[in-house]
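Hi there,

Here is the structure I promised to pass on to you.

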Amino acid sequence: MKLWVLGNGQLGMLMRHAGMPLGLEVVPVGIDDIGPQQLGADDLVTAEREHWPANATTNSLANHPNFANLQTIQDLADRQLQKSKLDELGLASSPWQPLTDSTDIDALHKALGERVLLKQRRGGYDGKGQLWLKQGEPLPSLDGWREHAIAEQGIGFSEELSLIGARNAQGEKVFYPLVRNLHQNGILLASQSPLPERDHLQTQAEEMLGKLMDAVDYHGVMTMECFRVGEKLLINEIATRVHNSGHWTMTGANISQFELHLRAVAGLPLTRPVVLSPTVMINLLGVERNDQWLTVPGSHLTWYNKEVRPGRKLGHVNLVSDTPKHLRDTTAQLLTLMPENYQAVLEWFVDH
Ligand code: ATP
Ligand code: MG
């Protein structure tokens with residue numbers, strides 16, 4: 001079976017890696033125009049990204065009848081349509097409004113509060129395409145934002161959690177346990193899972209993501225990024241794909257999110273994810289590769305072979321451990337090999 005992936009970044013690469021033992025030929029294709037690809041009638045198509053330019057290459061994949069979830073990916077890639085969909089389904093997310101030519105900023109603060117976050121409707125990632133409006137501070141220029149962005153209430157959350165689930169064509173759904181995520185400047189720095197102390201939120205989270213997956217008849221892995229406010233989950237955003245906060249599953253669970261996605265799209269049996277080890281995933285952001293990371297007990301390096309640039313996601317290290325106490329020690333050990341800003345990981349880490 002051949003499964004094409006629209007996009008050839010690290011997510012596509014890791015899908016290809018996951019397809020190998022299953023005997024699935026997974027072919028990630030970049031979004032630059034290298035001419036139309038020759039897809040067979042029975043081939044399958046999935047995506048590792050939600051935005052792409054229309055050209056001969058992307059069209060040859062996107063126009064194939066076996067492209068899983070095409071309409072949903074395109075709809076939810078627009079934050080305004082995504083928020084509307086969540087509202088329509090009664091799924092809690094941060095209060096919001098479209099930012100139009102006629103939006104009055106004082107009225108906006110009145111409706112959403114002192115801290116309002118503008119987010120571009122399309123194309124934002126890793127905190128890019130966002131602008132804070134804070135009452136009492138000078139108003140930044142809104143050129144390029146009106147009619148192109150939504151405005152969200154700034155949420156004073158207790159922590160960020162995400163849920164990764166999969167659904168197949170028969171409507172069966174499986175979920176990983178909730179993941180805790182640490183962001184720095186809008187970009188994911190670390191994830192920790194599982195979280196026994198958040199088990200009571202698991203059902204709430206699964207019902208929310210499950211409802212959305214059912215509503216759009218989704219096949220594959222979908223990710224729900226949430227804010228925890230007290231005991232309530234508010235959806236921050238939905239990703240119609242495998243997700244950075246699911247990289248811990250490569251070593252911490254019996255099945256990785258990449259394999260789970262392939263199975264759901266290819267119609268192979270799903271399996272209920274089982275946690276094998278408490279895991280911390282540390283993103284390698286703009287740092288030179290250091291082979292000493294491999295000396296930390298329980299560390300697994302995934303290096304994406306990309307050119308080093310400041311802030312760029314270049315790889316990740318998963319730390320697995322048989323006990324949570326040991327995991328804190330090995331995390332601390334890894335952080336001695338990382339830049340200063342990574343110390344935030346240790347303050348955020350939760351002992352179980
Ligand atoms: P991704 O790389 O996950 O696609 P993104 O850049 O598209 O991210 P968001 O996930 O919407 O954008 O926001 C990035 C981060 O900014 C969030 O993880 C959170 O830390 C912060 N943030 C987003 N929305 C809000 C909000 N309404 N209130 C407070 N903080 C927020
Ligand atoms: Mg996000």
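Below is what I found, sorted by topic.

Before the details: this is a predicted model, in which local features need pLDDT of at least 70 and side-chain atom pairs count only at pLDDT 80 or more, while totals for chains, interfaces and linings use all residues. Residues are numbered from 1 along each chain as its sequence is written, chains are lettered from A and ligands numbered from 1 in the order in which they are written, and side-chain values use heavy atoms, with hydrogens and water left out.

**The metal site**

The magnesium ion (ligand 2) is coordinated by Glu225 (OE), Glu225 (OE) and Glu237 (OE), at 2.0 to 2.6 Å. Donors here are N, O and S atoms within 2.8 Å of the metal (3.2 Å for Na, K and Ca), and water is not among the atoms, so sites may look incomplete. Glu225 sits in strand E12 (residues 220-229) and Glu237 in strand E13 (residues 232-239), 12 residues apart. Helices (H or I, at least four residues) and strands (E, at least two) are DSSP runs, numbered from the N terminus. The arrangement of the 6 donor atoms around the magnesium ion (ligand 2) is irregular, because their angles run from 52 to 162 degrees. As for the cut-offs, four donors count as tetrahedral if all angles lie between 85 and 135 degrees; four count as square planar and six as octahedral if opposite donors are over 155 degrees apart and all others between 65 and 115; anything else is irregular. Glu225 has a relative accessibility of 10% and so counts as buried (buried means under 20% relative accessible area, exposed over 50%, partly exposed in between, with a 1.4 Å probe and protein chains only).

The contact involves Leu11, Leu14, Met15, Ala18 and Gly19 from H1, and Phe258, Glu259, His261 and Leu262 from H8. By type, the residues of the contact of H1 with H8 are 6 nonpolar, 2 polar and 1 charged.

Contact means heavy atoms within 4.5 Å. Ala, Val, Leu, Ile, Met, Phe, Trp, Tyr, Cys and Pro count as nonpolar, Asp, Glu, Lys and Arg as charged, and the others, Gly among them, as polar.

H1 is mostly covered, with 7 of its 10 residues buried. Those residues are Gln10, Leu11, Gly12, Leu14, Met15, Ala18 and Gly19.

**Backbone details worth a look**

The peptide bond from Ser193 to Pro194 is cis, with omega near -5 degrees. Pro194 belongs to the loop between strand E11 (187-193) and helix H6 (202-215).

Glu147 is not a glycine, yet has a positive phi of about 70 degrees. Glu147 lies in the loop between strand E6 (130-134) and strand E7 (149-153), and is partly exposed at 41% relative accessible area. Thr100, in the loop between strand E4 (96-99) and helix H5 (105-112), touches Arg146 and Glu147, leaving aside residues up to four places away in sequence.

Asn305 also has a positive phi, near 60 degrees. Asn305 is in the loop between strand E15 (299-303) and strand E16 (313-320) and is exposed, with a relative accessible area of 67%.

**Two loops that meet**

Gly286 is in the loop between strand E14 (279-285) and E15, while Arg312 is in the loop between E15 and E16. Not counting residues up to four places away in sequence, Arg312 touches Leu284, Leu285, Gly286, Lys306 and Glu307. Gly286 is partly exposed at 27% relative accessible area, and Arg312 is partly exposed at 24%.

Best wishes
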